[in-house]
Amino acid sequence: MKSVNFEKWQGLGNDFIILSTIDFPKEKFSEWSKVLCDRRFGIGGDGLVWIGPSDKADFRMIICNSDGSTASMCGNGLRCAVAYAHTTGKISKSEMTIETDAGIKMGKVHLEGDKITGVTINMGKPIWEPDLIPFASDKVKDLTVEAAGQTFELTTMNTGVPHTVAFMDSLEWDWHKAGEELMTHALFPAQTNVNFIKVVSPEHLLMRVWERGAGPTMACGTGACASAVAAAATGRANRKVTVSLEGGDLVIEWDNNDDIWMTGAAEKSFIGSTELCK
């Protein structure tokens with residue numbers, strides 16, 4: 001049985017197990033993710049991330065959710081992967097490119113001496129085309145939908161993965177059932193991540209998230225990006241906002257070139273090795 005080294009990282013409480021073993025068996029990744037991410041019988045995490053070589057970018061990132069499903073992208077996971085690549089010396093420069101299943105992304109670590117104080121990612125442009133989200137309606141902004149005995153106005157897009165955003169007067173309610181029902185709603189043929197948002201001011205949003213493949217999590221980077229874009233696109237907020245999640249704050253800017261920039265923390269929790277993977 002071969003021992004495999006890993007590092008555990010978290011971005012605002014959204015936590016990931018990161019592997020960079022060379023002999024990466026893709027056929028085992030889903031199985032590994034379910035076992036290793038189990039919080040009682042494994043290491044524990046919202047997802048499993050593999051870092052490897054790329055012929056298109058500085059490195060390749062693949063991510064699998066805790067339920068074994070794959071994700072084309074993950075904002076918090078990407079920030080952690082960039083910080084991991086820099087601190088382990090795999091990428092010595094502070095700016096780097098990352099190949100993901102959602103395209104090539106650019107990341108930059110912010111340093112004070114040798115300490116990483118934050119990571120900025122260019123998340124690319126929001127995708128509004130229903131077929132590409134995917135979304136079974138042509139109305140992507142403020143569509144009225146019933147779920148869990150309530151009425152929601154949803155704004156839907158893809159920011160690397162599908163997201164729908166519901167603006168609420170309050171987040172002090174049990175939103176888990178609504179999140180799960182909206183995730184699997186017939187409008188979303190590939191399911192969706194669900195973000196509940198309260199607009200505090202044009203520069204500040206509060207957010208709670210139900211993640212596809214993980215359930216309720218303390219933070220979601222692609223969700224914060226989608227929520228900031230949805231708020232700006234529907235006239236509820238400015239194009240640069242602070243998004244406050246249960247795990248902390250992200251600064252999101254949707255620039256005039258249509259690119260979304262996300263800045264936030266990425267911190268190493270611990271390192272270890274496992275003989276479970278074989």
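The mean positions of the 27 positive and 36 negative charges of the protein lie 3 Å apart. Lys and Arg count here as positive, Asp and Glu as negative; His and the chain ends are not counted. Each charge is placed at NZ of Lys, CZ of Arg, CG of Asp or CD of Glu. The model is predicted, so local features need pLDDT of at least 70 and side-chain atom pairs count only at pLDDT 80 or more, while totals for chains, interfaces and linings use all residues. Residues are numbered from 1 along each chain as its sequence is written, and side-chain values use heavy atoms, with hydrogens and water left out.

The protein has 4 helices and 18 strands. These are DSSP runs numbered from the N terminus (helices: H or I, at least four residues; strands: E, at least two). The radius of gyration is 18 Å, close to the 19 Å given by the globule rule for 278 residues, so the protein is as compact as a globular protein of that length. This radius is taken over C-alpha atoms, and the rule is 2.2 Å times the number of residues to the power 0.38. The C-alpha trace spans about 55 × 40 × 35 Å along its principal axes.

Buried residues make up 55% of the 278 residues. Buried means under 20% relative accessible area, exposed over 50%, and partly exposed in between (1.4 Å probe, protein chains only). The accessible surface comes to about 12,000 Å², and 47% of this surface belongs to carbon and sulfur atoms. Areas come from the Shrake-Rupley method with a 1.4 Å probe; for residues, only the protein chains shown count as cover. Of the contacts with a separation of 6 or more, 61% are between residues 24 or more positions apart. A contact means heavy atoms within 4.5 Å.

Strand β13 (residues 204-211) pairs with β12, β14 and β15. Two strands pair if DSSP finds at least two bridges between them. Strand β12 (residues 193-201) runs antiparallel to β13 and is joined to it by 7 bridges. A hairpin of 2 residues links β12 to β13. Within this pair, Ile197 stands opposite Met207. Strand β14 (residues 215-217) also pairs with β13 in the antiparallel sense, over 3 bridges. Here Trp210 has Pro216 as its bridge partner. The β13-β14 hairpin has 3 residues between its strands, and Gly213 in the turn has a positive phi of about 90 degrees. Strand β15 (residues 240-245) runs parallel to β13, with 3 bridges. His204 stands opposite Thr242 in β15.

Backbone exceptions occur in several loops. Most residues other than glycine have a negative phi, and most peptide bonds are trans. The bond from Ile133 to Pro134 is cis, with omega near -5 degrees. Pro134 lies in the loop between β8 (115-124) and β9 (143-147). Leu12 has a positive phi near 60 degrees. Leu12 sits in the loop between β1 (4-11) and β2 (14-19) and is buried, at 9% relative accessible area. Ala148 has a positive phi of about 50 degrees. Ala148 is in the loop between β9 and β10 (150-158) and is partly exposed, at 25%.

Two further loop residues were examined. Arg40, between α1 (29-36) and β3 (47-52), is exposed at 76% relative accessibility. The C-alpha atoms of Arg40 and Glu146 are 35 Å apart. Thr184, between α3 (176-183) and β12, is partly exposed at 45%. Its C-alpha atom is 41 Å from that of Leu111.
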